[in-house]
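Look at the sequence and the structure below before reading on.

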Amino acid sequence: MFYPMMINVKNKKVSVVGGGRVAYRKVKTFLKYGADVKVISINFINKFEKIKDKIEIIKDKYTPEYIKNSFLVVAATSSKETNEKIALFCKENKILCNIADDIQLSDFIVPSSIKKGDLIVSVSTSGKSPLLARKIRKEIEEIFPYEYDDYVNTLGETRRLVIEKCKDEKRKNKLLNELIDLDLEELKKRREKYEDCSRL
Ligand SMILES: C[C@@]1(CC(=O)O)c2cc3[nH]c(cc4nc(cc5[nH]c(cc(n2)[C@H]1CCC(=O)O)[C@@](C)(CC(=O)O)[C@@H]5CCC(=O)O)C(CC(=O)O)=C4CCC(=O)O)c(CCC(=O)O)c3CC(=O)O
Ligand SMILES: NC(=O)C1=CN([C@@H]2O[C@H](COP(=O)(O)OP(=O)(O)OC[C@H]3O[C@@H](n4cnc5c(N)ncnc54)[C@H](O)[C@@H]3O)[C@@H](O)[C@H]2O)C=CC1
C-alpha cells in the first residue's frame with residue numbers, strides 16, 4: 001500500500017538509471033523540486049541535451065558504485081534484469097527506490113501532479129492506471145488556470161502572523177478559516193493589518 005507523502009529532495013542526491021523517455025520525465029520532475037540529479041545510462045535520448053548543464057551525466061552501464069551514495073534511486077532502464085539488480089542493491093543498502101517497470105519492487109511511486117507555486121495537487125491510482133491519473137490531473141488543471149504562487153505565499157505569511165499573534169485558540173481558528181475565503185487583494189490587506197498589530 002502506498003502512503004501519500006511529500007518528501008524533501010532539495011539538494012539531495014537522486015540517481016536515475018536509464019536515458020530514455022521515462023528516465024527523462026522522472027529527471028525533469030526531480031529538477032523541478034531542486035534535487036541534485038545524476039543520470040547513468042548507456043544511451044541518452046536527444047532531449048537530455050537541453051538539461052545537460054543541470055545534471056551529472058554518466059554514460060556507462062549500470063554498476064552499484066554509481067548509486068551507492070544516493071538518497072533516492074529510480075531504475076528506468078529497458079533491461080528488466082538491470083532494474084531488478086538496482087532494486088536488490090537498494091533494498092540491501094536501505095536506499096528508497098522506484099522501479100519503473102515493477103511496482104512490487106518499488107518503495108515509492110510517482111503520482112501525476114500539478115505544481116502552482118507551493119500549491120501541489122497529486123493524483124495516484126496506486127499504479128492501477130497511470131493514464132487515468134494523467135487524465136484526472138488534466139481535468140483538475142483546468143480549474144486552476146492561473147498562477148497560485150502569490151496567493152499561496154501571501155496566505156502562508158498571513159497564517160504565520162495569526163499563529164504568532166493570536167493566542168486564543170478559538171479566535172485563531174476563526175481567523176484562519178476566514179483567510180481561505182479571501183481573494184488575493186483582500187488577503188494582502190489583511191496581512192498588512194495583522195503586521196501592524198502586536199496582538200490579535
Ligand atoms: C507505478 C508507477 C511507477 C512510477 O513510475 O512511479 C508507474 C508504472 C508504470 N507505468 C507504465 C506505463 C505508463 N506510464 C505513463 C505515464 C506516467 N506514469 C506515471 C507514474 C507511474 N507509472 C506510477 C503509478 C502512478 C499512479 O499512481 O497511477 C506518471 C503518473 C508520473 C511520472 O512518470 O512522472 C506518468 C504520467 C504523468 C502525467 O502526464 O501526468 C504512461 C503514459 C505515457 O508515458 O505517456 C504509460 C503508458 C500507458 C500505460 O501503460 O498505461 C507501466 C507499463 C510499462 C510498460 O508497458 O513497459 C508501468 C509499470 C507497471 O504498470 O507495472
Ligand atoms: N513508470 C512509468 O511511468 C513507465 C515505465 N515504463 C518502463 O520504463 C522503462 C524505460 O522505458 P523507456 O524510457 O521508454 O525505454 P527506452 O528504451 O527509451 O530507454 C531505456 C534506457 O535504458 C538504458 N539502458 C539499458 N540497459 C542499461 C544498463 N544496463 N545500464 C544503464 N542504462 C541502460 C538505455 O541506454 C536507454 O537509454 C521500461 O522498462 C518500460 O517498461 C514505460 C512507460 C512508463
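**A walk through the model**

Tyr 194 lies in helix α7, residues 184-196; helices (H or I, at least four residues) and strands (E, at least two) are DSSP runs, numbered from the N terminus. This is a predicted model, in which local features need pLDDT of at least 70 and side-chain atom pairs count only at pLDDT 80 or more, while totals for chains, interfaces and linings use all residues. Residues are numbered from 1 along each chain as its sequence is written, chains are lettered from A and ligands numbered from 1 in the order in which they are written, and side-chain values use heavy atoms, with hydrogens and water left out.

Is Tyr 194 buried or exposed? Tyr 194 is buried, because its relative accessible area is 3%; buried means under 20% relative accessible area, exposed over 50%, and partly exposed in between, with a 1.4 Å probe and protein chains only. Tyr 194 and Lys 68 are separated by 126 residues in sequence and by 49 Å in space, C-alpha to C-alpha.

Next come the strands. Strand β4 covers residues 72-75. Leu 72 and Val 74 point one way from β4, Val 73 and Ala 75 point the other way, and all are buried. In a regular strand the side chains alternate between the two faces of the sheet.

Which strands pair with β4? Two strands pair if DSSP finds at least two bridges between them. Strand β1 (residues 13-17) runs parallel to β4 and is joined to β4 by 4 bridges; Val 17 has Ala 75 as its bridge partner in β4. Strand β5 (residues 96-99) is also parallel to β4, again with 4 bridges, and here Val 74 stands opposite Asn 98.

Now turn to ligand 1. There are 19 residues around ligand 1, and Lys 26, Val 110, Ser 112, Ser 124 and Thr 125 come nearest; a residue is near a molecule or strand if one of its heavy atoms lies within 4 Å of it. By class, this shell has 7 nonpolar, 6 polar and 6 charged residues. Here Ala, Val, Leu, Ile, Met, Phe, Trp, Tyr, Cys and Pro count as nonpolar, Asp, Glu, Lys and Arg as charged, and the others, Gly among them, as polar. Helices α1 (21-32) and α4 (130-142) each supply at least two residues of the shell, and the largest share, 4 residues, comes from α4. Ligand 1 lies between domain 1 (1-110) and domain 2 (112-145), because both give residues to its shell; the domain bounds come from an automatic or database domain assignment.

An oxygen atom of ligand 1 is 2.9 Å from a side-chain N or O atom of Arg 21, and the distance for Arg 25 is 2.9 Å as well. For Val 110, a polar backbone atom is 2.7 Å from an oxygen atom of ligand 1. Taken alone, ligand 1 exposes 1,100 Å², of which the protein buries 70%.

Ligand 2 has 21 residues around it, and Gly 19, Val 22, Arg 25, Asn 43 and Tyr 62 come nearest. Helices α1 and α3 (80-92) each supply at least two residues of this shell, with the largest share, 4 residues, coming from α1. The shell divides into 5 nonpolar, 10 polar and 6 charged residues. A polar side-chain atom of Arg 25 lies 2.7 Å from an oxygen atom of ligand 2.

Conventions. A polar contact is a pair of N or O atoms within 3.5 Å; within protein, one must be able to donate a hydrogen and the other to accept it, and residues adjacent in sequence count only if both atoms are side-chain atoms. Accessible areas come from the Shrake-Rupley method with a 1.4 Å probe; for residues, only the protein chains shown count as cover.
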